[in-house]
Amino acid sequence: MTDEVAAPRLVQQARESVAAGAPLPVDATRAPRPAVRRTVVDSWARSRSFGVDPEHNCPPLRLAGERLGAARAAHPLAAVLPLVRDLLVARVGADGLIVAVSDADGTLLWVEGDHTVRGRAEDMGFTAGAGWDEAHAGTNAPGLALAIDGVARVAAAEHWVRTVRPWSCSASPVHDPADHRVIGAVDVTGDGRAAVPAVLALISATVAAAERELLIRRLTDTGTHQSAPAGTRLEVVGPEAPALVVAGRRVPVTPRHAELLLLLAEHPEGLTADELAAAVDERPLDPVTIRAELSRLRRVVGPGLVESRPYRLVGPLDTDVAELRRLLSAGDHAAVVDRWAGQLLPRSVAPGIAVLRDRLRAEVRVGLLRRRDAALLLRWADGPAGEDDLDVWEACRRLLPPGPDRDRATARLGLLHRELAAG
């Protein structure tokens with residue numbers, strides 16, 4: 001019999017020995033490759049001392065409804081949950097696994113991932129609000145990680161309680177960056193893939209990123225702003241670098257962040273990472289790159305503006321694009337021309353931005369042509385959006401009275417026709 005077949009039997013024998021208070025089988029701990037790891041044996045012993053029944057045990061439901069919602073809102077990991085979703089849930093959820101985030105007492109606050117697997121996990125009590133510390137659920141990865149303050153993986157038969165043994169899991173504790181105390185745990189649960197080293201490495205990387213994010217927030221946040229302040233505005237129309245205007249103060253943002261914020265503002269229903277990747281680059285772009293960029297964006301705009309699954313704006317954000325549309329709807333074309341200082345993100349080559357740029361320019365252009373105001377048309381034609389527009393210059397020539405402005409329109413039309421013929 002091979003070691004791969006014998007190991008589950010030896011694990012079972014060792015677990016039953018611990019449950020009965022008997023010595024471990026010699027084969028279970030024989031070097032150099034013992035069938036049962038010492039951390040698991042110690043966890044079994046603690047589970048037995050806590051009185052957890054290995055045959056008939058169900059973890060207690062500690063929180064539900066409003067109490068669960070209040071606990072989630074108050075917990076520090078709520079601020080980094082979007083990052084956990086981006087880096088972990090989005091990856092393992094697609095593979096039929098689920099992710100749980102607990103508090104320091106082992107109470108599961110969030111359980112997300114594959115919908116079908118979540119439903120099956122609920123049958124064993126693995127659900128938001130349930131207590132999965134060792135004292136109430138026996139040996140399991142999140143409970144073990146909290147107990148030893150270290151990474152843990154528990155594969156199938158290593159679980160103390162019979163109903164949990166069809167499952168495997170890996171987990172890591174999360175620490176407060178200020179005093180290094182344990183504040184919770186992040187766990188992946190599912191079939192045997194959930195306990196492989198690669199998954200544990202992914203969890204560890206996610207936790208490290210979450211702890212760094214908590215540290216950045218601790219160093220930069222005053223704790224008074226949990227969402228974007230009312231009146232926050234994105235400025236993207238014109239030659240100046242894009243910026244967020246917050247409480248009257250202009251804060252520059254990177255061109256990529258401006259693209260992402262504008263795309264989300266224009267799609268209130270939300271966009272997936274794949275959709276955003278296609279909207280910002282003509283080349284195939286790894287959605288992981290977008291998730292990482294959005295995580296950086298959250299550090300700039302705060303935790304209360306951008307949510308995930310799908311990515312969407314959940315805080316108040318006005319844009320100068322939306323303002324131009326409001327002015328057009330109100331028929332205030334003079335104000336539109338006043339505020340049009342240049343093209344929308346003129347240096348952006350993102351496909352989604354190019355579509356928005358052309359659409360906005362067309363909306364303004366059609367409104368001005370319909371209004372037939374010669375002075376406004378000429379101001380538009382003199383700007384970057386209308387300087388090469390034959391129809392606009394032709395309308396200027398027809399509507400302007402005889403004089404220098406009409407002569408200029410005629411000359412410009414002649415030049416454009418010659419360029420068109422030469423091209």
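In helix α3, Thr-39, Ser-43 and Arg-46 meet Leu-144, Ala-147 and Ile-148 of helix α8, where contact means heavy atoms within 4.5 Å. By class, this contact has three nonpolar, two polar and one charged residues. The model is predicted, and local features need pLDDT of at least 70, while side-chain atom pairs count only at pLDDT 80 or more. Residues are numbered from 1 along each chain, and side-chain values use heavy atoms, leaving out hydrogens and water.

**How α3 and α8 pack**
- Two packed helices are described by the angle between their axes and the distance between the axes.
- Helix α3 (residues 38-50) and helix α8 (residues 141-148) pack at about 95 degrees, with axes 11 Å apart.
- The two helices, α3 and α8, are therefore roughly perpendicular (an angle of 65 to 115 degrees).

**The sheet**
- Four strands make an open, mixed sheet in the order β8-β7-β6-β11; strands pair if DSSP finds at least two bridges between them.
- β8 (249-252) and β11 (318-319) are at the edges with a single partner strand each, so one side of each has no neighbour in the sheet.
- β7 (residues 243-246) pairs with β8 in the antiparallel sense over four bridges, and Leu-244 stands opposite Val-251 in β8.

**Helix α10**
- Helix α10 (residues 255-266) lies across β6 (233-235), β7 and β11, at about 120 degrees to β6.
- Nine of the 12 residues of α10 are buried (under 20% relative accessible area, with a 1.4 Å probe and protein chains only).
- Among the buried residues of α10 are His-257, Glu-259 and Leu-262.

How values were computed:
Axes are lines fitted to C-alpha atoms, for helices over the stretch in contact, and angles run from 0 to 180 degrees between N-to-C directions. Angles under 35 degrees count as roughly parallel, over 145 as roughly antiparallel, 65 to 115 as roughly perpendicular and the rest as oblique. Ala, Val, Leu, Ile, Met, Phe, Trp, Tyr, Cys and Pro count as nonpolar, Asp, Glu, Lys and Arg as charged, and the others, Gly among them, as polar. Buried means under 20% relative accessible area, exposed over 50%, partly exposed in between (1.4 Å probe, protein chains only).
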